[in-house]
Number of protein chains: 4
Amino acid sequence: MSAMMRAAVFVEPGRIEVVDKKIPDVGPNDALVRITTTTICGTDIHILKGEYAVEKGLTVGHEPVGVIEKLGSAVHGYQEGQRVIAGAICPNFHSYAAQDGVPSQDGSYLNPKNACGCHGYHATAGWRFGNKIDGTQAEYVLVPDAQANLAPVPDGLTDEQVLMCPDIMSTGFKGAENAHIKIGDTVVIFAQGPIGLCATAGARLLGATTIIAVDGNEHRLGIARQMGADVTLNFKNCDVVEEVMKLTRGKGADSSIEALGLQQTFESALRVLKPGGTLSSLGVYSEDLTIPVDAFAAGLGDHKILTALCPGGKERMRRLMEVIDSGRVDLGLLVTHEYKLDDIVAAYDLFANQRDGVLKIAVKP
Amino acid sequence: MSAMMRAAVFVEPGRIEVVDKKIPDVGPNDALVRITTTTICGTDIHILKGEYAVEKGLTVGHEPVGVIEKLGSAVHGYQEGQRVIAGAICPNFHSYAAQDGVPSQDGSYLNPKNACGCHGYHATAGWRFGNKIDGTQAEYVLVPDAQANLAPVPDGLTDEQVLMCPDIMSTGFKGAENAHIKIGDTVVIFAQGPIGLCATAGARLLGATTIIAVDGNEHRLGIARQMGADVTLNFKNCDVVEEVMKLTRGKGADSSIEALGLQQTFESALRVLKPGGTLSSLGVYSEDLTIPVDAFAAGLGDHKILTALCPGGKERMRRLMEVIDSGRVDLGLLVTHEYKLDDIVAAYDLFANQRDGVLKIAVKP
Amino acid sequence: MSAMMRAAVFVEPGRIEVVDKKIPDVGPNDALVRITTTTICGTDIHILKGEYAVEKGLTVGHEPVGVIEKLGSAVHGYQEGQRVIAGAICPNFHSYAAQDGVPSQDGSYLNPKNACGCHGYHATAGWRFGNKIDGTQAEYVLVPDAQANLAPVPDGLTDEQVLMCPDIMSTGFKGAENAHIKIGDTVVIFAQGPIGLCATAGARLLGATTIIAVDGNEHRLGIARQMGADVTLNFKNCDVVEEVMKLTRGKGADSSIEALGLQQTFESALRVLKPGGTLSSLGVYSEDLTIPVDAFAAGLGDHKILTALCPGGKERMRRLMEVIDSGRVDLGLLVTHEYKLDDIVAAYDLFANQRDGVLKIAVKP
Amino acid sequence: MSAMMRAAVFVEPGRIEVVDKKIPDVGPNDALVRITTTTICGTDIHILKGEYAVEKGLTVGHEPVGVIEKLGSAVHGYQEGQRVIAGAICPNFHSYAAQDGVPSQDGSYLNPKNACGCHGYHATAGWRFGNKIDGTQAEYVLVPDAQANLAPVPDGLTDEQVLMCPDIMSTGFKGAENAHIKIGDTVVIFAQGPIGLCATAGARLLGATTIIAVDGNEHRLGIARQMGADVTLNFKNCDVVEEVMKLTRGKGADSSIEALGLQQTFESALRVLKPGGTLSSLGVYSEDLTIPVDAFAAGLGDHKILTALCPGGKERMRRLMEVIDSGRVDLGLLVTHEYKLDDIVAAYDLFANQRDGVLKIAVKP
């Protein structure tokens with residue numbers, strides 16, 4: 001193992017570059033993973049643009065597929081050379097937050113000396129790769145709390161088949177889980193980017209029988225139908241709320257999933273609901289949201305609004321890979337492009353500008 | 001039974017008056033109840049002021065305690081002369097909405113001829129008394145779907161002891177139930193009016209061990225302590241969010257209950273939460289709400305926001321009266337005043353202006 | 001409408017015969033439905049054999065597909081001539097039991113004069129057709145609490161397509177719902193008769209990714225694969241518990257569904273579980289059950305055992321028909337035979353003896 | 001720190017003795033705790049009698065209260081000298097089982113080299129102290145996965161006040177949690193030993209309003225009333241099932257808790273239930289159980305049977321200590337006797353023979 005590696009780092013707003021960096025040392029609870037495939041997320045674009053601040057010089061990226069290079073002395077049950085993934089969110093499951101049911105919100109590592117005193121809850125703090133510690137767009141990544149976070153890839157699955165599991169699929173499926181789908185439900189999914197498409201696939205997997213996918217892009221609506229949508233609505237051509245009311249004969253949808261992060265989609269996701277319905281929100285909002293008092297039935301509509309951060313951990317990853325392995329869902333068609341790590345600047349450019357029908361890019365060190 | 005009765009009706013904005021009105025006929029699924037005690041709700045004040053529109057001439061009020069005067073031909077298992085209450089919300093439990101888990105949102109009666117076609121969901125439509133049909137501030141009230149809604153009062157309980165059950169207690173306790181309290185939780189209840197006080201009592205009953213009651217009125221905070229609050233915070237004297245963070249050593253509350261209906265309390269109820277926490281909203285909002293993006297962790301905080309309309313039905317009423325009967329909770333001290341029905345105009349005046357430490361008024365036909 | 005109809009009635013143990021019977025009168029909350037298709041259930045065989053006692057002269061059968069002939073005066077939102085089904089279990093949703101979440105256990109009608117005093121819970125008492133009141137193997141059936149129980153059939157669905165909804169599908173799917181399936185779960189379904197096959201289809205619909213169907217009949221295992229089973233095990237050829245442990249690499253299944261009603265299947269359903277797993281029981285047991293202390297981990301295995309009676313009501317029926325209408329599940333292939341009502345004795349003979357690969361029989365008045 | 005300590009070890013069936021033993025070394029994820037108070041559990045009696053097999057020479061006991069003597073190098077957020085407890089069950093929360101929601105069933109440590117391959121589920125395997133590793137009836141105990149399991153004791157609480165948290169309270173309260181108590185529920189708790197008494201206190205804390213405690217010992221029934229029971233039934237003087245049916249006017253209890261481990265109590269716990277009710281089982285059974293077919297409504301009663309192993313982890317311990325600290329529940333009165341560690345043989349004798357009104361014994365090294 002050479003002492004140095006290539007890694008894409010945040011330099012300054014507008015600049016992510018591939019540089020040489022030291023391969024990290026492995027502590028007792030860590031694992032060093034050699035990346036074979038990773039990808040770029042919408043969040044990385046926010047980092048690139050300086051809209052979300054990370055430390056200069058930090059390696060970016062949070063979606064690892066790779067091979068165990070070296071295991072910490074206290075990590076058991078794995079072999080070096082084994083193919084693994086890890087979630088975009090790598091919680092310490094020993095934490096108060098994890099034991100309390102919200103591992104993604106674990107910030108116990110942020111100030112470990114005080115982990116006990118402050119209970120260690122910090123919003124989104126379970127997200128470490130490419131945020132608080134070096135990320136996955138590199139030749140190697142150090143996985144913290146490896147015993148909790150390394151998930152072996154089943155034989156026979158390719159990197160591309162499991163590349164969505166660490167973030168996109170885990171997030172999208174959580175959106176469907178938070179929609180509390182019951183047999184025979186009608187679910188409306190707003191926005192059919194990679195996460196919205198996974199939410200659509202998740203709603204199908206969980207038993208919704210009328211799945212309505214909304215977007216302004218006909219190509220994505222086409223993929224939505226492949227993912228399981230029964231009905232697609234192009235918001236450029238119709239009034240989505242009105243259409244849903246027609247389709248449900250005035251009742252409204254049982255639940256809706258917001259997968260974009262805008263006032264307009266959030267508001268429509270509320271307006272399509274039946275009284276008693278659930279809004280499952282996945283979007284990352286950059287501005288204050290308004291809840292229109294009429295759509296909210298003045299607070300008397302038995303509505304539920306749930307948000308989620310991508311669930312992580314090896315059990316979550318195992319379950320998602322089971323879905324892939326069983327053939328229930330094929331996310332391979334979301335990987336539309338491939339780039340070498342050394343060409344990642346071009347990949348960012350393509351992805352940031354959403355050219356060429358790009359959905360997700362496989363990046364290969 | 002005389003053919004006429006006294007009833008408080010909405011005349012025009014600013015005027016509710018007691019008039020003579022025909023005692024209604026009893027259909028096969030109805031029951032006629034002779035009111036022995038009823039009360040005035042904050043919603044009635046909105047009706048009085050014309051802020052919430054009802055038909056002119058409608059009898060107002062929705063909190064009945066009384067005696068069965070006459071049973072419909074298809075209503076079984078009750079006796080005339082039996083003491084009963086009914087919920088403020090009187091759902092038709094045969095409806096799609098009720099079978100789907102949200103009886104309070106049942107509007108199947110609104111257009112009964114079309115009940116089947118439209119599924120019959122309409123926000124708050126389960127609320128009929130003093131809203132869509134004649135209410136309880138009268139000598140007699142007709143209870144619809146009586147088989148579902150008449151709840152016998154246990155022997156030994158006074159009218160005053162059960163007067164909170166139809167609305168205030170059912171709503172406040174639902175606020176506590178929606179807070180999903182686990183053993184050892186910290187819960188913050190915003191506003192200690194009658195509903196907030198019941199939410200405080202409900203949080204205590206359900207096992208929260210740090211109950212923080214917030215209000216600007218020291219007298220109400222004193223009653224909050226009697227209802228089970230461990231800590232009371234007067235928002236006039238402190239920064240509530242900061243205090244909660246101190247009390248929870250930076251973690252935030254497990255859940256919060258909003259019991260007023262203002263932007264400020266809604267927002268504070270969100271800001272006191274731990275990531276992963278639940279905001280249980282009871283307030284009736286009259287304006288659009290803003291969700292500050294920081295308090296919402298940009299949509300990534302695993303937050304839950306739940307609203308509720310007062311649950312009704314005889315099983316709900318039975319359970320609430322069990323709570324009273326077991327001595328777990330004493331809501332008698334919320335009934336601070338008594339008026340005759342014929343003096344209800346004065347009672348409205350006292351209640352609307354919140355004079356004389358009034359919490360709830362027993363109104364006696 | 002003629003005053004008389006043909007109806008299959010229980011005469012004495014061993015004899016069910018088609019006789020002439022008066023068409024019943026329609027009370028205010030009833031509906032008279034002209035049966036177009038019904039079927040025979042395993043329970044009917046128990047009645048035929050005298051193993052389950054019903055009153056002599058009672059019309060048997062509890063799975064109605066038909067057309068509204070006449071509506072009670074208090075039933076709204078339907079039209080005479082409309083195609084409908086009703087659940088095998090026809091609860092009074094106004095009852096305490098229904099409002100408490102277990103409508104199938106509502107016995108409020110059993111002694112209506114005392115409905116209020118006794119709370120009206122009686123095990124299985126929600127089952128009325130062909131048990132406590134005249135059933136569906138007749139030209140006409142009277143549906144009680146029609147407002148709650150009549151479910152319109154979507155245009156375009158045939159009688160055969162919805163014939164499983166009233167009982168077999170509702171029961172089988174409830175078995176899958178009680179299994180608390182999470183994304184990526186392994187579920188084992190014991191016995192692939194009509195209900196087990198529906199449980200298999202339900203587990204597939206709800207997101208299980210390793211579905212293991214068990215039976216001793218290869219033909220049924222073949223249908224199980226069509227219904228969504230990933231793996232089929234013939235208990236005559238292998239040790240089922242051992243095979244499940246192999247397939248789950250020693251962990252055990254997340255849940256199991258018992259769909260037969262024997263000690264052996266119940267016990268195996270327990271033995272295949274992981275610690276923390278759920279046994280969802282659908283079988284009708286005729287003898288005491290034994291829980292082996294080792295399989296039960298001495299009571300320390302965080303096991304759950306849940307039983308269920310078929311859910312009824314128009315909302316349940318609506319949802320199940322949505323599943324059919326969406327094309328998610330095709331239960332048409334479970335209807336293997338057709339008989340005229342007047343030939344029902346022969347149909348009973350075929351079904352009781354499980355000849356000719358019979359699964360379910362369409363019976364046509 | 002001396003290199004040797006006193007420890008009570010299992011010698012052979014019938015003999016537990018205090019011997020000198022080496023103080024263990026501290027690995028990176030361990031903590032060494034100096035025991036200040038521990039206690040004897042019913043399970044220890046089974047070990048003493050040879051009814052439950054442990055390795056000869058193993059230190060017994062699993063209920064630690066103490067002071068951190070030394071922290072492993074990878075354990076953060078604690079200070080040496082800090083007062084702590086740990087659960088009787090010390091799971092590795094990084095494991096598949098814990099991430100899957102059943103930490104108590106985590107056996108990943110049993111064969112750590114293979115932790116990954118076998119998923120690591122083994123019934124009761126989360127129980128390590130005094131079962132698979134040296135326990136707490138000693139001067140020192142090594143806490144595994146200390147980051148997950150060390151729970152600081154709030155200032156002002158005595159050892160005796162928190163001595164029930166690691167096992168008795170956690171188990172008893174889990175019994176109440178598994179009973180799924182709703183506001184106004186009736187709950188019957190069978191057996192009022194220490195765990196049953198905690199289940200009674202837990203049912204009170206969670207909002208049951210009719211709590212019926214059953215035992216054959218009047219002294220214990222008296223303590224049950226102090227713990228919150230509304231009604232006590234001495235099974236020697238009445239037919240418990242019949243009495244519960246009278247108290248619930250024929251409906252049955254909403255849930256029951258079995259806290260002994262015998263066929264008779266299990267069966268009665270089933271027979272007192274309403275259709276739709278929940279049996280929450282805590283007992284450790286030593287023989288096969290029989291489910292009488294009539295009590296089980298032939299499998300059609302919508303019954304739930306749930307078992308549980310004591311939940312562990314620092315968050316659980318924190319919550320239980322909050323309950324004590326809030327004054328909601330006082331378990332001090334369960335500690336009836338005190339012995340020195342060197343006199344533990346006499347303490348075992350007293351406890352095994354249930355002499356002198358013993359409930360729990362504080363053992364002091």
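Buried area is the accessible area, taken with a 1.4 Å probe, that two parts lose on being put together, summed over both. By this definition, chain B and chain D bury about 2,000 Å² between them, and carbon and sulfur atoms give 47% of that area. The structure is a predicted model, in which local features need pLDDT of at least 70 and side-chain atom pairs count only at pLDDT 80 or more, whereas totals for chains, interfaces and linings use all residues. Residues are numbered from 1 along each chain as its sequence is written, chains are lettered from A and ligands numbered from 1 in the order in which they are written, and side-chain values use heavy atoms, with hydrogens and water left out.

The interface of chain B and chain D joins 26 residues of chain B to 26 residues of chain D, contact being heavy atoms within 4.5 Å. On the chain B side, I183(B), R319(B) and R328(B) lose the most area to chain D, and together they make up 40% of what that side buries.

Six salt bridges are counted between chain B and chain D; a salt bridge is a side-chain nitrogen of Lys or Arg within 4 Å of a carboxyl oxygen of Asp or Glu. A salt bridge links the side chains of D185(B) and R319(D), with an N to O distance of 2.7 Å.

The elements of chain B that give two or more residues to the side touching chain D are α5 (165-178), α6 (194-205), β9 (210-215) and α10 (314-325). Of these, α10(B) gives the most, with five residues. Helices (H or I, at least four residues) and strands (E, at least two) are DSSP runs, numbered from the N terminus. The residues of this side of chain B divide into eight nonpolar, six polar and twelve charged. Ala, Val, Leu, Ile, Met, Phe, Trp, Tyr, Cys and Pro count as nonpolar, Asp, Glu, Lys and Arg as charged, and the others, Gly among them, as polar.

Within chain A, the domain assignment gives domain 1 (4-90 + 126-163 + 331-364) and domain 2 (168-307), with bounds from an automatic or database assignment. Eight residues from domain 1 of chain A and nine residues from domain 2 of chain A take part in the contact. The two domains of chain A bury about 840 Å² between them, 80% of it on carbon and sulfur atoms. Zero salt bridges are found across this interface.
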